[in-house]
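Have the sequence and the 3D view open side by side as you read.

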Amino acid sequence: MKRLIYNCWFFVTLSVLGPAPGLQAQEPFSGRDLRTENAALHRIVDSLKRVIARFEGVLDPWDRITGIEEVEGTELGYGISSLDEIHAADNVPSWLREADPEMGLEYRDEIEGRISGYRRRASSLGYAIGRYRYYEKSFESAFARYGVPTEFMALAIVESAVSRTAVSNAGAAGVWQLMPATARQYGLRVDETVDERFDIAKSTDVAARVLRDLRRSLGNWGLAVMAYNCGSGNVRRAVIQNGGSTDPWTVWTLVPNETKAYLPSLVAVRYFLLYGAEEGIQAKPYRPSSGKTLKASKDIDFAVVSLVLDMDIEMLRKLNPQYVRSVVPSGMPFCVPAKYADALTKAVEEGRI
């Protein structure tokens, strides 16, 4: 796509400047002519930049996500990476035939393209599925609590490759890529000291409630999922443009470009969660650093704990990603490697920490 845009840029520029001097005689430019020509070229360049920016959001949105836990899992994304490979399958896959139309989880040609895209990222997808399997039971518990279909747990892979530390350049963070305002609205603490979007249990609870509330507001799960990505305002406008119809896949044609890749990606990820082994994609075992959770009776600085107990400060940060400044406020939970728990408690009691 970029090559096409740059080719267009070349021909537009050529049409403005004309052939090279050796090909045709030209009168010398005056200073005024040069300024006019330069302004015209600047307008063309600015216009092309806007076009490129628009398409980049569709082609590679994963570039906007940083802070992935494992390097091997950073290649995933839900942008359409190759429009050339999108094609219709001969028959609707059996695993989709019984899908509830309200959920929007039904077959479309675009899904085949997303499945092909994930096949090319088999290794990264394997790491993401491994992380998903580790947290699956806790995801199920939260989603069941609010009546959200478990099929939508796959959004954890679509959103962040199930990385606790993922951050987008738009400000979304955590496994479920919650925006600060949404997180605060649903009771999470997000400030200069603590960011509970990085807390798996708390952020999963919020994600499930957000999906439940979007479904209540918009009328069906398919619209709720799209709104989770682009906001309910964009989805409502798309419904209006769609003549009031709330059919997920007709509304889907009218939502922002990034969201056009979102719903097919969800269906494709569900396919690999069901049939990844048959596709040769193995879930990579995932065992995050574990520890014992204590309650801080005072503000605790990671650097002081590391110095007094002679432990790796990076381990503390990995176990407690929600503490932005590497300081645990008094009364908040603090996770440390189990073998250091008693020593930490004693050090706090003795005033050494």
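Let's start inside: of the 63 residues in the largest nonpolar core, the ones touching the most other members are Phe139, Phe143, Phe152, Ile157, Trp176 and Tyr228. A nonpolar core here is a set of buried Ala, Val, Leu, Ile, Met, Phe, Trp, Tyr and Cys residues joined through side-chain atoms within 4.5 Å. Buried means under 20% relative accessible area, exposed means over 50%, and partly exposed is in between (1.4 Å probe, protein chains only). Elements giving two or more residues to this core include helix H4 (109–119), helix H5 (122–145), helix H8 (200–218) and helix H12 (257–275). H12 hands over the largest share, 9 residues. There's also a second, separate core of 21 residues, with Val194, Met311, Val328 and Val336 among them. As a rule, nonpolar side chains in soluble globular proteins tend to be buried together.

A quick word on where this comes from. The model is predicted, so local features need pLDDT of at least 70 and side-chain atom pairs count only at pLDDT 80 or more, while totals for chains, interfaces and linings use all residues. Residues are numbered from 1 along each chain as its sequence is written, and side-chain values use heavy atoms, with hydrogens and water left out.

Zooming out, the protein chain has 15 helices and 6 strands; these are DSSP runs (helices H or I, at least four residues; strands E, at least two), numbered from the N terminus. Buried residues make up 46% of its 353 residues. Take contacts (heavy atoms within 4.5 Å): among those with a separation of 6 or more, 66% link residues 24 or more positions apart. The accessible surface comes to about 17900 Å², and 52% of that belongs to carbon and sulfur atoms. Such areas come from the Shrake-Rupley method with a 1.4 Å probe, and for residues only the protein chains shown count as cover.

Helix H4 is mostly covered, with 8 of its 11 residues buried. Those buried residues include Glu112 and Arg114.

Now for the charged pairs. A salt bridge is a side-chain nitrogen of Lys or Arg within 4 Å of a carboxyl oxygen of Asp or Glu, and the count comes to 12. Three of them are listed here:

| Pair | N to O distance |
|---|---|
| Glu279 and Arg119 | 2.9 Å |
| Arg145 and Asp205 | 3.0 Å |
| Asp205 and Arg209 | 3.0 Å |

What does the Glu279 and Arg119 pair tie together? Glu279 lies in the loop between H12 and strand S3 (292–295) and Arg119 in helix H4, so the pair ties together parts that are 160 residues apart in sequence. Arg145, Asp205 and Arg209 are linked in a network of salt bridges. Within it, Asp205 is buried at 15% relative accessible area, whereas Arg145 is partly exposed at 48%. Asp205 and Arg209 are 4 residues apart in helix H8, so about one helical turn separates them.

What about cysteines? Cys230 is buried at 16% relative accessibility, and Cys335 is buried at 13%. A search of the whole structure for disulfides (pairs of cysteine sulfur atoms within 2.5 Å) finds 0.

Last stop, Gly171, in the loop between strand S2 (167–168) and helix H7 (180–185). Gly171 is partly exposed at 25%. Leaving aside neighbours within four places in sequence, Gly171 is in contact with Leu178, Met179, Pro180 and Arg197.
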